[in-house]
Amino acid sequence: LKSDYAEVYYRQGITYRTLNQFEKAIQSYDKAIELNSDYPMAYNNRGVIYSNELKEYKKAIADFDKAIKLNPNEITYYYNRGITFNRLKDYEKAIKDYNKAIGLNPNYATAYYNRGITHRALKQHKKSILDFAKAIELNPNYMEAYNNRGATYSNELKEYGKAILAFDKAIELDTNYTMAYYNRGITYSRSRYHEI
């Protein structure tokens with residue numbers, strides 16, 4: 001009825017992604033962008049598929065760049081680009097994007113969490129702990145933040161007592177969280193020769 005309606009192709013792209021038909025989703029976003037080259041969400045969503053499912057990170061970065069240029073105040077675009085920079089191991093650029101997202105929304109718990117992951121990759125473990133703590137402050141049920149805080153205490157800082165407490169909390173939040181059990185077990189093993 002209206003084949004030049006970009007919004008329909010954009011929605012079609014969302015639906016194809018939900019169905020795990022990623023190439024068709026890309027084609028739908030391509031068509032939406034062809035019809036409206038100033039459509040930041042279409043660039044963003046296409047970039048997410050390139051980054052998450054197709055592992056075409058440079059194409060993803062180009063899409064997030066375009067989305068940010070069109071709407072520089074949308075935190076999601078910086079966050080998604082930060083995740084992609086992380087996957088490329090370009091950690092300094094990832095940190096900049098997380099900083100920008102946090103600057104736009106200081107209550108963005110997931111951005112603190114992912115910045116903590118990136119600080120950990122950069123061996124900036126104290127900063128990592130602070131980011132996980134902030135993510136938990138903003139979302140007290142953030143079990144992944146407890147688990148990664150525990151892993152940082154256990155693996156890098158050798159503070160086994162603090163690690164155990166973090167894993168305990170993650171398990172309390174989800175009794176089926178196998179990674180937290182595994183990490184706690186490793187930590188108990190390491191702590192046999194140390195004070196907890």
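M179 sits in helix α11, which covers residues 178–190; helices here are DSSP runs of H or I with at least four residues, strands are runs of E with at least two, and both are numbered from the N terminus. This is a predicted model, so local features need pLDDT of at least 70 and side-chain atom pairs count only at pLDDT 80 or more, while totals for chains, interfaces and linings use all residues. Residues are numbered from 1 along each chain as its sequence is written, and side-chain values use heavy atoms, with hydrogens and water left out.

- M179 counts as partly exposed because its relative accessibility is 42%; the cut-offs are under 20% relative accessible area for buried, over 50% for exposed and partly exposed in between, with a 1.4 Å probe and protein chains only.
- Together with Y182 and I186, M179 makes a nonpolar surface patch of about 290 Å².
- A patch takes residues with over 30% relative accessible area and no salt bridge, joining nonpolar side chains (Val, Leu, Ile, Met, Phe, Trp, Tyr) within 5 Å and like charges within 9 Å.
- M179 is also one of the residues that N147 touches, and the others listed are F167, A170, Y177, A180 and N183, leaving aside residues up to four places away in sequence; a contact means heavy atoms within 4.5 Å.
- N147 itself belongs to helix α9 (residues 143–156), and with a relative accessible area of 5% it is buried.

**The chain as a whole**

- Of the 196 residues, 45% count as buried.
- Among contacts with a separation of 6 or more, 47% come from residues 24 or more positions apart.
- The accessible surface comes to about 10700 Å², and 49% of that belongs to carbon and sulfur atoms; areas are from the Shrake-Rupley method with a 1.4 Å probe, and for residues only the protein chains shown count as cover.

**Charges and salt bridges**

- There are 30 positive and 23 negative side chains, and the centres of the two sets lie 4 Å apart.
- Lys and Arg count as positive and Asp and Glu as negative, with His and the chain ends not counted; each charge is placed at NZ of Lys, CZ of Arg, CG of Asp or CD of Glu.
- Side chains of opposite charge can pair when their charged atoms come close.
- The structure holds 15 salt bridges, each being a side-chain nitrogen of Lys or Arg within 4 Å of a carboxyl oxygen of Asp or Glu.
- One of them joins R11 to E7, with the closest N and O atoms 2.8 Å apart.
- R11 and E7 share helix α1 (residues 6–18) and sit four residues apart, about one turn of the helix.
- Both ends are partly exposed: R11 has a relative accessible area of 47% and E7 is at 26%.
- R46 and D30 meet in another salt bridge, 2.6 Å from N to O.
- That pair links distant parts of the chain, with R46 in helix α3 (residues 40–52) and D30 in helix α2 (residues 22–35), 16 residues apart.
- R46 counts as buried at 13% relative accessibility, whereas D30 is partly exposed at 31%.
- E159 and K162 also pair up, at 3.0 Å from N to O.
- E159 is partly exposed at 26%, and K162 is partly exposed at 46%.
- Salt bridges that share partners join D30, R46 and D63 into one network.
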